[in-house]
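Me: I'm new to this one. Can you walk me through it?

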Amino acid sequence: MMVGMKTLGQRIREIREERDFSLRELAKKLGVSAPFLSDVELGRRNPTDKILQGIAKELGITFDELQAFDTRPPIEDMKRLAHANPQYGLAFRRVIDKNISPEDLIKFA
């Protein structure tokens with residue numbers, strides 16, 4: 001699925017506005033501050049998966065729909081896997097060295 005050039009924050013704001021939620025209203029429902037949510041929409045801060053799940057629920061969309069716009073690499077997960085099993089580190093390096101496209105990697109997975 002091609003997402004386009006929209007960021008996660010831009011997509012959250014777009015859906016929030018479509019649903020006629022104010023920033024403060026959505027922040028209150030999520031139990032976060034309006035400045036935090038504003039920073040998420042502006043790309044200055046990254047929400048946890050728990051917050052992202054809450055946003056999806058409040059906006060009436062699926063977590064996967066929102067997560068498709070989250071372009072952050074799962075660095076901590078990759079570090080943890082590579083530390084637990086060095087073969088993951090080798091695999092990650094080969095993916096990078098061979099310049100395997102995201103589409104090919106998703107097909108393989």
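Me: How many residues does α7 have, and how far does α7 reach from its first C-alpha to its last?
Reply: α7 has 12 residues and reaches 17 Å, close to the 16 Å expected at 1.5 Å a residue. The expected span is 1.5 Å times one less than the number of residues. Helices here are DSSP runs (H or I, at least four residues), numbered from the N terminus. This is a predicted model: local features need pLDDT of at least 70, side-chain atom pairs count only at pLDDT 80 or more, and totals for chains, interfaces and linings use all residues. Residues are numbered from 1 along each chain as its sequence is written, and side-chain values use heavy atoms, with hydrogens and water left out.

Me: What follows α7?
Reply: N99, with a positive phi near 55°.

Me: At what angle do α6 and α7 cross?
Reply: Roughly 125°, and the axes come within 4 Å. α6 spans residues 75-84 and α7 residues 86-97. Axes are lines fitted to C-alpha atoms, for helices over the stretch in contact, and angles run from 0 to 180 degrees between N-to-C directions. That makes α6 oblique to α7. Under 35 degrees is roughly parallel, over 145 roughly antiparallel, 65 to 115 roughly perpendicular, and the rest oblique.

Me: Which residues meet there?
Reply: M78, L81, A82 and A84 in α6 meet P86, Y88, G89 and F92 in α7. Contact means heavy atoms within 4.5 Å.

Me: And α2 with α3, what's the crossing angle?
Reply: Roughly 110°, with the axes within 8 Å. So α2 is roughly perpendicular to α3. From α2 come L23, R24, L26, A27 and L30. α3 brings A34, L37, S38 and E41.

Me: New topic. Which helix gives the most to the lining of the second largest pocket?
Reply: α6, with 3 residues.

Definitions and conventions
Helices (H or I, at least four residues) and strands (E, at least two) are DSSP runs, numbered from the N terminus.
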